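User: I have a model open here and would like to go through it with you, one topic at a time. Please give me the cut-offs as we go.

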Amino acid sequence: DSELSWNAGDCCGYASEANVDEMAFIRGMIADVGRLAAIDPTRIYATGFSNGGFLSYRIACEMADTFAAVAPVGGVLKFPACQPANKISLLHIHGLSDEVVPFDVGGKAGLDLFTSLDGCSGSSSVDVNPVTTHTIYTACAGNTAVELYTIKTMGHMWPNQYILPATQIIWEFFKAHPKK
């Protein structure tokens, strides 16, 4: 259904075309949850796949005052007005055989923006194995981090646990990077 989308900026479908105010929706959702349960304001995170990954990037762009970290999976930066008010940690996971959302169409742009924003000044640490490459951008400021996992033969999908335990990796990343 064309109406089942997120307004992630220059993408995707109905929500973008109708200029749906996703940030107001997300702020309202956080407020609603806060009325039902205690929320640690230093540990608010977002992840999403595909259009949800694009939205994760937009959240990092517009709600870095609220969110500690985001983890887009199979999504890239499609929000040209990206000017985060605060530093925010980013973990990006992407299949290099993704033909729906190719990594080269905005993945590097997002990483470059957030390594600059987070003041990551050291050289990258790269761990390569036959299936995945894990890049850690080092010496980031204020307890922030920027990391990238690419999966060589994976297309447009959330990695299964045998390829890369993405859900566990994202949770460990989030736990290690609360907002300071």
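**Charged pairs**

Analyst: Arg58 and Glu62 both sit in helix α3, four residues apart, which puts about one helical turn between them. Helices here are DSSP runs of H or I with at least four residues and strands are runs of E with at least two, numbered from the N terminus. This is a predicted model, in which local features need pLDDT of at least 70 and side-chain atom pairs count only at pLDDT 80 or more, while totals for chains, interfaces and linings use all residues. Residues are numbered from 1 along each chain as its sequence is written, and side-chain values use heavy atoms, with hydrogens and water left out.

User: OK, what do the side chains of Arg58 and Glu62 do?

Analyst: They meet in a salt bridge, with 2.8 Å from N to O, where the term stands for a side-chain nitrogen of Lys or Arg within 4 Å of a carboxyl oxygen of Asp or Glu. As background, side chains of opposite charge can pair when their charged atoms come close.

User: How many salt bridges turn up in the whole structure?

Analyst: The search finds six. One of them joins the side chains of Asp32 and Arg35 at 2.3 Å, N to O, and these two residues lie three residues apart in helix α2, about one turn of the helix. Asp32 is partly exposed at 42% relative accessibility, and Arg35 is exposed at 63%.

User: What about Lys108, which residue does its side chain meet?

Analyst: Lys108 pairs with Asp112 in a salt bridge of 3.0 Å, N to O. Both belong to helix α4, residues 107-117, and are four residues apart, about one turn of the helix. Lys108 counts as exposed at 52% relative accessibility, and Asp112 is partly exposed at 39%.

User: Switching topic: how much space lies in the largest pocket?

Analyst: About 230 Å³. Of the 17 residues that line it, Ile26, Met29, Tyr45, Ala46 and Phe67 are the closest to its centre. On the terms: on a 1 Å grid over the protein atoms alone, a cavity is a set of points where a 1.4 Å probe fits but cannot get out, and a pocket is an open set with protein on both sides within 12 Å along at least five of seven lines, with lining residues having an atom within 4 Å of a point. Grid points are joined across faces, edges and corners, and the volume is the space filled by probe spheres set on the points.

User: Which element gives the most to that lining?

Analyst: That is α2, with five residues. The elements that give two or more residues are α2 (22-36), β1 (45-49) and α3 (51-62).

User: And the lining by class, how many nonpolar, polar and charged residues?

Analyst: There are 13 nonpolar, four polar and no charged residues. In this scheme Ala, Val, Leu, Ile, Met, Phe, Trp, Tyr, Cys and Pro count as nonpolar, Asp, Glu, Lys and Arg as charged, and the others, Gly among them, as polar.

User: Which residues form the nonpolar patch on the surface?

Analyst: Trp6, Phe25, Met29, Val33 and Ile39, which together have about 430 Å² of accessible area. Patches take residues with over 30% relative accessible area and no salt bridge, joining like charges within 9 Å and nonpolar side chains (Val, Leu, Ile, Met, Phe, Trp, Tyr) within 5 Å. The areas come from the Shrake-Rupley method with a 1.4 Å probe, and for residues only the protein chains shown count as cover. Val33, in helix α2, is partly exposed at 42%.

Methods:
Buried < 20%, exposed > 50% of the residue type's maximum accessible area, 1.4 Å probe, protein only.
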